[in-house]
Amino acid sequence: MYKTRSLIKLSHSFIVWSSHYLLSNVNGRILRSPFLSRPYSQTKTPIQIQSKPHLESTARQSIFSSNKMIMTLGRQGKVKEARQLFDEMPQRDVVSYASMITVYLKHKDLPNAETLFYSMSERNVVSDSAMVHAYAKVGRFDEARRIFERMPDRNVYAWTSLISGYFQNRRVDEARKLLQEMPEKNVVTWTAAMVGYAQNGLINEAQRIFDQIPEKNVIVWTAMIRAYVKDSQVDQALELFYKMPERNLYSWNVMIQGCLNDKRVDKALELFNSMPWKNAVSWTTIVTGLARNGLLEMAREYFDQMPNRDPAAWNAMITAYVDEGLAAKADELFDSMPHKDTVSWNVMIGGYAKSGLEGEALKCFISMLRSGLRPNQTTLTSVVTSCGGILELLQAHVLVLLLGFDQDTSLNNALVTMYSRCGDINSSLITFENLIVKDVVSWTAIILAYANHGLGNQALQAFAQMLRFGNKPDKITFVGLLSACSHAGLVKKGQKFFESMRYAYGLKPRAEHYCCLVDILGRGKLVDEAMRVVQQMPPEECDGAVLGALLGACKLHGDVGVANQICDEIVEREPGNSGAYVLMANAYAASGRWGDFAQVRKKMKERNVKKVPGMSEIEVNGKNHIFFVGDKSHPEKEEIYMLLKENLLPLMQEMI
């Protein structure tokens with residue numbers, strides 16, 4: 001009931017907040033010409049007829065000013081205002097188009113940039129280069145290459161954009177070939193190539209490029225150090241760092257971050273303390289790194305020493321407390337924070353959601369709305385995942401639509417998953433189908449939704465569609481596929497999918513995949529084959545869940561002797577695993593071995609192993625009702641048990 005009231009209040013708060021937000025952000029502006037500041041009758045000088053060259057000069061000046069204003073508005077994030085100014089220009093030149101296209105691309109609006117680009121009667125190197133860069137960045141190399149090949153004059157920016165795009169999309173051979181064909185290279189091109197090789201795991205090639213650069217500036221040195229750091233070659237990074245002729249703040253911060261990532265805390269502190277000067281990023285890096293290495297108290301000491309704490313530093317410290325489950329300390333620090341930004345609120349809301357404190361997450365969200373800050377996709381994803389029932393989820397979905405995030409892929413992926421968890425597979429499917437851009441997470445979410453609802457064939461059909469649309473499955477996709485095969489009894493297909501992981505997609509199976517395969521074989525009465533899978537799998541992947549699946553298979557087919565051995569192994573690995581004891585006890589009970597059944601129960605009692613009680617949850621009139629096995633705490637328990645005894649039980653007996 002609490003959650004329902006909270007979200008109803010949340011919706012009301014959102015309406016109030018949104019009205020205030022829209023009114024407070026209206027920024028209309030009337031632009032007047034200085035020549036019209038007063039009527040002509042008040043002027044003392046007579047009107048002079050301007051010559052044509054002067055008019056042309058004035059027009060050019062007006063175009064120049066408008067072009068400059070378009071770029072200024074773009075930098076301020078006012079894309080609509082920039083487009084309005086562009087549309088109202090009496091005359092435009094090629095720079096006007098290039099400026100507006102650049103604004104669109106800066107704000108990742110490729111469709112509008114594309115439309116404007118192809119409407120140009122005349123193009124220049126700026127517009128061509130901008131579109132080459134944009135197409136290459138999103139992997140549309142056919143369009144990028146077509147424009148590039150038709151350019152009469154290719155500048156270094158166009159060459160470098162295409163080379164970087166190839167590297168980013170792992171098309172190393174094409175990037176290498178283009179690099180060799182490039183007539184003249186500057187330091188930006190060399191740096192892009194060096195970073196590109198490093199990003200593709202070719203650190204030796206990156207080093208070769210580094211050695212070839214004739215004049216290395218601090219950016220080049222730092223880029224190579226960062227490449228070594230990302231490749232976990234911290235010793236090589238340090239060696240290069242000490243050879244640098246000059247270092248900037250970024251160089252120091254990258255090296256400190258590398259040491260912290262490699263758990264070399266002492267070295268990181270040594271570098272930090274020897275820095276000639278520090279900025280907010282330096283302090284935030286050391287605070288975050290110490291916290292991630294489990295040194296929360298030391299992290300707090302450095303945090304308290306910071307001369308100027310920006311929101312990033314506060315967020316880093318709060319995040320550290322949240323990640324360690326120290327909600328009280330996170331709350332205390334959050335409340336004392338002078339200026340909270342969207343990230344600060346997201347950290348708290350997300351922390352509550354991950355800790356299972358859904359009510360607190362929703363309360364925090366309402367407080368955020370009242371503070372006047374606009375939620376973003378991250379905020380709403382945390383809100384969506386905090387919903388425990390279908391009514392709450394529907395209200396959260398309404399917020400997503402009202403705030404204009406109805407086509408945000410990652411947020412809608414969360415909705416697909418949560419609708420499935422709430423038992424509404426139809427809403428999962430509708431949300432999925434309404435997505436314009438579907439990524440691998442989208443397809444995986446719907447495959448898992450089908451699998452969890454026992455719709456194995458639909459899950460396999462979704463996988464086939466996923467492949468047709470060119471999406472490559474990941475490890476989680478295969479968990480959904482194997483789970484679907486298990487529920488649908490598709491043994492052969494399940495085995496083929498498991499094999500295709502390694503041989504077709506180069507994915508190493510993990511414990512969860514072996515667990516699904518063992519379950520598939522067990523349900524298919526292939527217990528011996530399931531045993532062979534467990535015996536032959538990598539020992540580091542054989543956890544309690546895999547053995548539990550094998551134990552379940554043995555229990556299902558009455559193989560009590562093998563089940564007993566597996567149970568002993570599970571108990572040895574995980575002494576507190578109640579599931580193994582329960583499965584073993586049920587296996588003995590199924591075969592009538594009541595003495596052994598009693599012994600298992602006795603062991604559980606002696607070792608203080610508590611069985612997690614079964615639980616069910618239903619929603620009635622917008623209120624969630626939770627029932628545990630043998631639960632008599634519900635205020636309407638008398639009526640519920642009477643209904644069960646007099647109506648439902650006789651009906652169930654008739655159906656058997």
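Reply: α24 and α25 run roughly antiparallel to each other, a label for angles over 145 degrees. The angle here is about 165 degrees, and the axes lie 7 Å apart. An axis is a line fitted to C-alpha atoms over the stretch in contact, with angles running from 0 to 180 degrees between N-to-C directions. α24 covers residues 409-421 and α25 covers residues 425-433; helices are DSSP runs (H or I, at least four residues) numbered from the N terminus.

This is a predicted model, so local features need pLDDT of at least 70, side-chain atom pairs count only at pLDDT 80 or more, and totals for chains, interfaces and linings use all residues. Residues are numbered from 1 along each chain as its sequence is written, and side-chain values use heavy atoms, with hydrogens and water left out.

Back to the pair: α24 passes α25 in a left-handed crossing, meaning the near helix is turned anticlockwise from the far one by less than a right angle. On the α24 side, Asn412, Leu415, Val416, Tyr419 and Ser420 make the contact. They meet Ser427, Ser428, Thr431 and Phe432 of α25, where contact means heavy atoms within 4.5 Å. Sorted by class, that's four nonpolar, five polar and no charged residues. Nonpolar means Ala, Val, Leu, Ile, Met, Phe, Trp, Tyr, Cys and Pro, charged means Asp, Glu, Lys and Arg, and the others, Gly among them, are polar.

Terms used:
Helix = DSSP H or I, 4+ residues; strand = E, 2+ residues; numbered from the N terminus. Parallel < 35°, antiparallel > 145°, perpendicular 65-115°, else oblique.
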